[in-house]
Structures are given as C-alpha cells and as structure tokens.
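Here are a few notes to read alongside the model.

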Amino acid sequence: MTETTTWSAASRLLHWAIVLTITFQQATGLFMSDPGTQFLFPPHRYIGLVTGLVLLLFWLYSYAAYDLALLFPWNRAAFRAIASEVLGLWRRRLPPPGRRAGLSSFVHGLGILAVSGCAVTGVVIHAMIPSGPPAPPQDPAAFTRYVLAHKFFADALWVYWAGHVGFALLHQLTGSNVFGSIFGRAGLTNDTSAGRDRRP
C-alpha cells in the first residue's frame with residue numbers, strides 16, 4: 001500500500017526561507033571568532049533578525065495549520081511510535097515519510113526549538129550591543145551568558161542540520177521522492193507495507 005504526501009506552497013516557502021537564512025547564519029558563525037573576520041558581524045546580526053521574523057511566521061503558520069501536534073508529539077501513544085521507529089532504525093528500517101507523528105516529526109520539533117533558541121538569544125544579544133561606536137555591553141556577565149546559550153543552540157542546530165540532510169539523502173536513495181516534494185514537483189511516495197519503512 002502506498003500513500004502520497006504533498007506539501008503546501010506556504011510550507012515549502014517557509015522551509016526554504018529557514019534553510020537559506022539558517023545556513024547563512026551557521027556558516028558565518030563558524031568564522032566570527034577571528035578578529036580578521038569582523039566584517040561578518042553586521043550581516044550576521046541583521047540576517048539573524050530576518051531569521052527571527054521568518055521563525056515567527058513559521059510558528060504562526062504552524063499554529064494556524066494545526067501542525068504543532070506533529071512537531072511536538074509528546075504523548076504516550078506518540079512516544080510508543082517513536083520508540084518503535086528507533087528500534088526499526090536499529091534493524092535498518094527507515095520509518096515512512098509524510099505528515100505523521102513519529103520519530104521524524106519529533107526530531108523536526110527539536111530542530112525548530114534549537115533554531116528558535118538561536119533566534120531568541122541572538123535577538124537579545126543584538127539588543128544588548130550598544131549602538132554607535134564599539135563599546136562593551138552594559139551588563140557583560142549577562143551578555144556572556146546569552147552568547148554561551150547562543151553557541152549551545154548553534155551547536156545543537158549543526159547536529160540537527162547534519163541529521164536532517166543525511167536522512168533526506170537516505171530516503172531519496174531508497175526510493176522516497178523527498179527532494180521532489182521539497183521542490184514542489186511531486187509528492188512523497190510512502191510504501192506502508194510492513195518492513196519497508198523508509199523515512200526517519
């Protein structure tokens with residue numbers, strides 16, 4: 001038995017907006033500790049504000065489209081399904097793709113929380129940086145705490161980013177049209193037969 005999943009234009013638009021802004025933020029964040037790369041700070045700060053706006057739109061859209069229950073399947077039945085799919089991965093079976101509560105949506109939710117943590121702490125850091133000529137923040141200790149939290153969420157986001165892309169490639173290679181769905185060319189094809197799960 002097969003099922004086909006299609007994603008709305010709004011979902012794809014928000015997905016690509018998050019992908020592009022977050023990838024830019026993560027890439028520039030790798031080099032900003034070097035004094036010779038200070039020129040990266042302004043674009044990182046302001047693209048970060050754009051990222052925060054995109055995430056706000058994502059949260060509003062998810063609430064309106066009733067997607068939050070999929071992103072955060074934190075109930076007993078969903079945890080049982082997640083445990084079953086983790087066991088399936090151990091047995092080299094990928095869970096099926098599509099809009100469903102399970103391991104994939106659970107990990108997506110954690111990724112969105114990591115992105116949101118980056119955005120919130122980044123906006124706070126932006127607000128704490130004095131305007132005008134370079135100067136230390138008024139509360140250096142609080143500033144340092146927010147910077148460390150920002151880095152923590154950024155590191156968590158790298159783990160999510162690598163896993164998300166890696167499993168998308170696995171699904172594509174095993175027959176699920178993941179990339180076609182992302183680009184809006186075709187829906188995901190999900191074989192729901194026993195023992196043939198294909199997506200995390």
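At what angle do the axes of helix 4 and helix 5 cross? Keep in mind that this is a predicted model.

1. The axes of helix 4 (residues 76–90) and helix 5 (residues 103–128) cross at roughly 105 degrees and come within 8 Å. Angles of 65 to 115 degrees count as roughly perpendicular, so helix 4 is roughly perpendicular to helix 5.

2. Who touches whom here? Helix 4 brings Phe79, Ile82, Glu85, Val86 and Leu89 to the contact, and helix 5 brings Leu103, Ser104 and Phe106. Sorted by class, that contact has six nonpolar residues, one polar and one charged.

3. On to the rings: the count comes to six aromatic pairs. One of them is Trp59 with Phe72, which is stacked, at 5.8 Å centre to centre and 5 degrees between the planes. This pair links distant parts of the chain, 13 residues apart: Trp59 sits in helix 2 (residues 41–64), and Phe72 in the loop between helix 3 (68–71) and helix 4.

4. Trp59 counts as partly exposed, at 27% relative accessibility, whereas Phe72 is buried at 18%, since the cut-off for buried is under 20%. Ring pairs also join Trp59 and Phe72 with Phe58 and Trp74 in a cluster.

5. For another geometry, look at Trp158 and Trp161: their ring centres are 6.0 Å apart and the planes lie at 80 degrees, so this pair is edge-to-face. Both residues belong to helix 6 (residues 140–173), three residues apart, or about one turn of the helix. Trp158 is partly exposed at 30% relative accessibility, and Trp161 is partly exposed at 36%.

Notes
Residues are numbered from 1 along each chain as its sequence is written. This is a predicted model: local features need pLDDT of at least 70, side-chain atom pairs count only at pLDDT 80 or more; totals for chains, interfaces and linings use all residues. Side-chain values use heavy atoms; hydrogens and water are left out. Axes are lines fitted to C-alpha atoms, for helices over the stretch in contact, and angles run from 0 to 180 degrees between N-to-C directions. Helices (H or I, at least four residues) and strands (E, at least two) are DSSP runs, numbered from the N terminus. Angles under 35 degrees count as roughly parallel, over 145 as roughly antiparallel, 65 to 115 as roughly perpendicular and the rest as oblique. Contact means heavy atoms within 4.5 Å. Ala, Val, Leu, Ile, Met, Phe, Trp, Tyr, Cys and Pro count as nonpolar, Asp, Glu, Lys and Arg as charged, and the others, Gly among them, as polar. Rings of Phe, Tyr and Trp (its six-membered ring) pair if their centres lie within 6.5 Å; planes under 30 degrees apart count as stacked, over 60 as edge-to-face and the rest as tilted. Buried means under 20% relative accessible area, exposed over 50%, partly exposed in between (1.4 Å probe, protein chains only).
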